[in-house]
Every structure is written in structure tokens, then in C-alpha cells.
Amino acid sequence: MATILDGVSRTFAEYLLIPRLTRKDQRADLVDLSSPMAAVEPNQLPRFKINTPIVSAAMQSVSGSDLAISLARQGGLAFIFCSQSIESQADMVHQVKAHKAGFVSSDTNTTPDKTLHQVIDLMKKTGHSTVPVTADGTGTGKLIGLITDQDFWEFEDDLSDTVAEYMTPISDVIFGEDGLTLREANRLLHKHKKNCLPILDNEGHLTSLVFKKDYEDHRRHPHELLDDSKRLCVGAAINTHDYRERVPALLAAGADALCFDSSDGFTEFQKEGIHWIRKAFGPEVVVGGGNVVSAEGFDYLVNEGGVDFIKVGMGGGSICITREQKGVGRGQASALLDVVKRRDEYFKETGRYIPICSDGGLSNDTQIVVALAMGADFVMMGRYFAMTEESPTPKTSINGQMYKPYWGEGTNRAQNWQRYGDAAEDNEMVFEEGVDAYVPLVGTVGEVLRTTLYKLRSTMVNVGADSLSEFKEQAVLTLVSEQSVVEAGTSTVFQFSANRDFEGSGNS
């Protein structure tokens, strides 16, 4: 007969945190929310960390390049969805890496013989107001000068005039020498009161640009997630079908972390995929696996596979119906507690720490806090980000309220045929594991995260924790009864107004 586990399958809504001692020197703004994403070897530092313990689900209706940029600026990481062509996904990754780099490769250039009309068209096409003028019109040609939208009046000057007549010639351009640091470049911008600093090699060829606005932007986003070259970080999802072609393209585009996207990661297919990546690209590539809901699944992907982090969750997402359709899955809290317990045992046995991502089952900010208290190193969410301005879907007005469409990767709409081995030969799915819906527009990524992260930091102070690792160690959780849920609410009074909690859910 089947094995029956003791206990019941529980959700995050069934738990509350017990306050611990709050010290006088604690402040919410001093709490450290950084978390490892790569496996931490004994006596070593993590080779990849995120500054905010929140990542976006690898879904068509969630993780596009715009959202990835906004999330990285807040310290988190987006996983660009893989249910698209390899070229399209790699281009999305490239867009994130090229958005802001400290030292930016120039992709908007002209030659001195071009007309003002041509330059204006170029500026409108790219959205850039500063255009280097090079001998060959490339981003690495010999710099002859700079032209900006401040050098001419579009509706007053003769647009048939050449760039050479309006540009600032190289003799008057303040530039930096290739090899200087970003700090030194910013000092030159400040000293000479410039908005753009070209960086030139010994022969006068343009190598990159440094902008004042990027410095100011960084000051406004002190926790932004950057790589060693000061570029925004971005993750990318992969599948078990075309990873031999997809992974090289994503790494070449600059992806900082990869993760297999599957509702069930306890498979030999994932193990073989991880082994191939390790053999082809070595141990430094950050690769996540999952999803799993048991200690057995953890052991398989870590011992047999060699993943850097594990995603936990099956059927807990707001648009996921895997449990309903197939009868497989587990309450998210029970799944997370089981895998975290095994992770901690594994750490004691080997000295290796494997980060855990809780994916799905999060319907409000409180449950994000509970998931992290239970031992997750970071959480993955879909609906939370689908409701933001930066998600890749169009806004729709329904009865005066703005909404955005949101659908699961297991739906016909996603057309993600490769995930389903039992799809019919005519490319029609036999059944769906997700639904198609609309979610309300709630604001920008920065706005919703500001509220969520403040709540998280405030709760950590209530528990006496200064970091996420301390939070997990010091957290004391209690089960709640149905009556205690009623007691915690405001059903006995009439509310004139209330701040709506930003709901979130992941698990594609």
C-alpha cells in the first residue's frame, strides 16, 4: 500500500511568529537582507549573493527585461522565462546587462557627415540624447566629437546641416583614459560639471561612456544588484529539452544565474542537464534546480545533480492547478519545512550550505515573512510582480479599475509545449496545469517592494535579528487556530479606509 505521511499538509497562513527580545540598538534600516544564491562551500564566502531575498518567477506574464531591470535595482533578481526562442531570451538578458553598466558600451553613434535630421531620428529611435561622433560611426571608432540634443534646436536650425557644424570637437571634449576606475570617472564628471564622460584608449578610440545620471541613479538605489563590471544582474530559466543550445547563448548574453523551470524537478532529466552544464562550463556557473517538495527530492538534486540552490513548491501558485489536475503536490509550509530540515542536516554533515528558494503559496507580505522565518533564503513570486507597471503585459481597464493579464506557464496561452511530454502530436495540450486570469495593477516594482521589505525588516527587529541568517535561527513559530485568525482580524469594527496589502504568489 502507499506510504502515508504523518501530520497534515500545511500552508503559511497557519503560522504566526512569536516576538523575541528587541535590543535598543536595533533599527529596521540597519537590517541586512542579503542572501546567498550559490552553494556555499566549507569556510568560503558565497560566490553569488542577492541583496534582497526576492526573485521573480520565470513566466511570460512576469519576467521581461523591464521588470528584471527594476527588480535588480532594488537588489533582487528576475529569471527571464524560457518559454520563448533562444534568441529572444538571450536578447532580453542582454537588454538587462546593457541597461546600466557604469562603463557603458556606446550603441548610439554617428559620423560627422551625417545630417541633424539623421541624428534626431537616431536619438528618437534609441532614446539617447548624447551621441558620440566617431570616424567610422561605430561605438569603438576614433572619437571626433560629441553631439547632444542641447547643441541644436530641432525646429529652428537647418536639419540638413551636418553634425560637424554643431558637435563639440574632440579638442574641447573632457574624456577619461581607458583603465581608470568608475570612482575616478565620476570625479571627472563632477569636477568638470559634465553629464557624459567618454573613455578613450591610447589611440583615441572610444571604449565606453560614463554618465552622471547613472551615478545619481546608483545613489538612489544603494542595494542594486551589480556584477563585477557594475552591470545589473539577471537570471534566466532553462528547460530540460534544449539546454545544450540555450545555456551557451544565455551565458554569452551575460546571465548571472540559471535555473531549471519545472513544476517537478525530481527527475533524471534535470540531473543530466546539470551534469552537462558542469562539464561544459565548470563549477562557477550558478545553477538552480527544482521544484521539489520533500527531503528526498533535495537529496537527489544536491547529491546526484550538484545544484547551487533548490526551488521548493508544487501547486501553490495563484494560477497553478497541478494539485487539482494531477493530485500531486504539498502544502507550501510543510514542503518548505521538510526541505529546510534536510538542508540543515546536510550542512552539518558536509559543511556545504545549499540555499533554498520558496516558490509559490504566498498570498500577502506576512506569508513572505513566514517563509523566510521557516528557513527559505529567498522567495520566488509571480502574481506579486505581474501586478506591477513593469511586468510585460498590457494594462486593461475593467469597470474603471486597471488590470493586467496573468497566466501560468502550464496553460495553452503560454504554448510552452516542451514542458509536457504527453502533449498530443497536433501540439494541443491534453490538459492544463494553470489558469488564465487578470490581476489588479498596484504600482511600480519599487513601490510594492518598499512596503514589503519594510514589513520584513520591522518583523526581524521584533524577533531580535539583524540578518536573515539570524532571523532563521531565532524565529519561533506557532500554529494558529481558526478562531485566532478571526481574533486577529478587524471584523468587529467598520473601517473607513485600509492600506491594501500587496499580494504575491509565484510557482509557475
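The structure is a predicted model, in which local features need pLDDT of at least 70 and side-chain atom pairs count only at pLDDT 80 or more, while totals for chains, interfaces and linings use all residues. Residues are numbered from 1 along each chain as its sequence is written, and side-chain values use heavy atoms, with hydrogens and water left out.

**Exercise 1.** Work out which kind of aromatic pair Tyr243 and Phe260 form.

Solution. Begin with the rule: rings of Phe, Tyr and Trp (its six-membered ring) pair if their centres lie within 6.5 Å, and planes under 30 degrees apart count as stacked, over 60 as edge-to-face and the rest as tilted. The structure holds 9 such aromatic pairs. For Tyr243 and Phe260 the distance is 6.3 Å centre to centre and the angle between the planes is 75°, which makes the pair edge-to-face. Next, place the residues: Tyr243 lies in helix 6 (residues 243–253) and Phe260 in strand 13 (residues 257–260), so the pair ties together parts that are 17 residues apart in sequence. Here helices (H or I, at least four residues) and strands (E, at least two) are DSSP runs, numbered from the N terminus.

**Exercise 2.** Decide how the rings of Phe298 and Tyr346 are arranged, and whether these residues are buried or exposed.

Solution. The ring centres of Phe298 and Tyr346 are 5.9 Å apart and the planes stand at 75°, so this pair is edge-to-face. Because Phe298 belongs to helix 8 (residues 295–305) and Tyr346 to helix 10 (residues 332–350), the pair ties together parts 48 residues apart in sequence. Finally, Phe298 and Tyr346 are both buried, where buried means under 20% relative accessible area, exposed over 50%, and partly exposed in between (1.4 Å probe, protein chains only).
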